[in-house]
Amino acid sequence: MKFSYVNHTQIHFGQGQIQAIAQAIPADSKVLVIYGGGSIKRNGVYDQVAEALKEHQWTEFSGVEPNPTKETMDKAVALIKEQDLDFILAVGGGSVIDGSKFAAAAAKYEGDSWDIMTGVHQVAEAVPLGVVLTLPATGSESNPAAVVTKAATHDKLPFFADAVQPKFAVLDPDVMKTLPERQLVNGIVDAWVHICEQYLTSPAGAMVQDGYAEALLKNLRVLGGKFDQRDNDEWRANLMWTANQALNGLIGAGVSQDWATHMIGHELTALYGVDHARSLAIVQPSLLRNQMNFKQAKLEQLGRNVFGLSGDDVAEQTIVEMELFYHSLQVATQLTEHQTDKASAIDAIIDQLESHGMVELGENQAITLKESREILEMAV
Ligand code: NZQ
Ligand code: ZN
């Protein structure tokens, strides 16, 4: 095991913490507050942000859509450049945060912003960014990743850059009170799969990473099991902190990682508009079965330590338990449940994977287009 690890995002966690942005953003900054479709206007988060920023100079950009697009974020970039804005405050879920990261990087680049996603432009600098999180799911609030879509071509791609890692993130669980049930469920499933993508690879004897990952998975299982009793502070706080810890770099430090479920899932979202988390629930069980040769030992470890399984065939039984967990939250594990024609869907997804260079996915690069097709034959 070998790694260098730091997570330099300062977390302000707990009820009432939105006011911390007053001190967290330098007083002389010209701030751009970026948000989505307006949920923050309806639930009081916008007012709290405005109150906290009353001594700052700030303006706003709204309308970032779920699965943020280059097309929308280019408009934010133009505003940043025109008004010489020098701090971004993203107020929203993963989409607003990712879109803001993209804008933060694109504002420091003169070429076409999509060059960031294709790797033509390597991001070394960005406008500094802070976050008020309103939807616990992606972990984007304290990691260097962003996923952005080019609407014109249905390309949904990730990029990673230290320069866009948020300086701070406010995690006030009270903001979750207005989240629709569907988004709360999405958060549980997305965080679950994030942990799996860093855990279900080959055994590395990494006791800290494995043990913490198992603790987080157990949390999600308990919180999912208590979904009917979710309207309380403790439930909200635990989900928010668990989802954050699932993708802040710690459990992935020094161990191999997979991310194939995400890369295939992104194509489902880009082509068919499936919610991010729901795309993962469709792909993951079939992918785990397809890759059983590589994943059996860790599936067994997960089954024993998280689901309390024992006896024969624990690896397959673990996948069944995961499917049951998703179904208990009314999350489908087949694309057919999202009303799509099977043959044409598989061809379209494979074409997109190929055009995005996603031809050797997984911790062993063992998921070529052949395996992706096999996975989709099972999942679609
Ligand atoms: O647009 P608004 O009005 O904010 O409404 C949003 C949106 O409609 C709503 N919402 C958010 N907070 C709310 C609320 N509604 C009521 N009350 C609140 N407190 O929820 C809807 C979905 O929001 P979105 O941000 O799209 O959801 P999520 O956080 O699940 O983000 C998904 C995006 O993150 C990317 C995904 O690919 C997808 O584009 N991911 C980013 C990652 C990262 N940067 O590390 C990792 C993930 O694997 C993921 O790929
Ligand atoms: Zn995800």
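1. Start with helix α12, residues 292-306, in this predicted model. The helix has 15 residues, yet its end C-alpha atoms sit only 18 Å apart. A straight helix would reach 21 Å at 1.5 Å a residue, and α12 falls short of that. Have a look at Lys298 too: α12 bends there by about 35°.

2. Which residues of α12 are buried? They are Phe294, Lys295, Lys298, Leu299, Leu302, Gly303 and Val306. Notice that Lys298, where the helix bends, is on that buried list.

3. Next, ligand 1. It has 33 residues around it, and the closest are Gly36, Ser39, Gly93, Gly94 and Ser140. Sorted by class, that shell holds 20 polar, eleven nonpolar and two charged residues.

4. Which element gives the most to the shell around ligand 1? That's α5, with four residues. Along with α5 (94-106), both β6 and α7 (181-199) supply at least two residues each.

5. Strand β6 (residues 145-150) runs antiparallel to strand β7 (residues 155-160), and six bridges join them. One pair you can pick out is Ala145 with its bridge partner Phe160 in β7. Four residues lie between the two strands of this hairpin, and His154 takes a positive phi near 60°.

6. Last, the record. An unreviewed UniProt entry places the feature "domain: Alcohol dehydrogenase iron-type/glycerol dehydrogenase GldA" at residues 9-173. Over that stretch, the chain is 28% helix and 25% strand, with its end C-alpha atoms 18 Å apart.

Key: Residues numbered from 1 in each chain as written. Chains lettered and ligands numbered in written order. Predicted model: local features only at pLDDT ≥ 70, side-chain atom pairs only at ≥ 80, totals over all residues. Pairing = 2+ DSSP bridges. UniProt positions renumbered as here; feature names shortened; annotations may be inferred. Near = placed C-beta within 6 Å. Nonpolar A, V, L, I, M, F, W, Y, C, P; charged D, E, K, R; others polar. Expected span 1.5 Å × (residues − 1). Bend = angle between axes of the 7 residues up to and from the residue. Buried ≥ 20, exposed ≤ 12 C-beta atoms within 10 Å, placed from the backbone.
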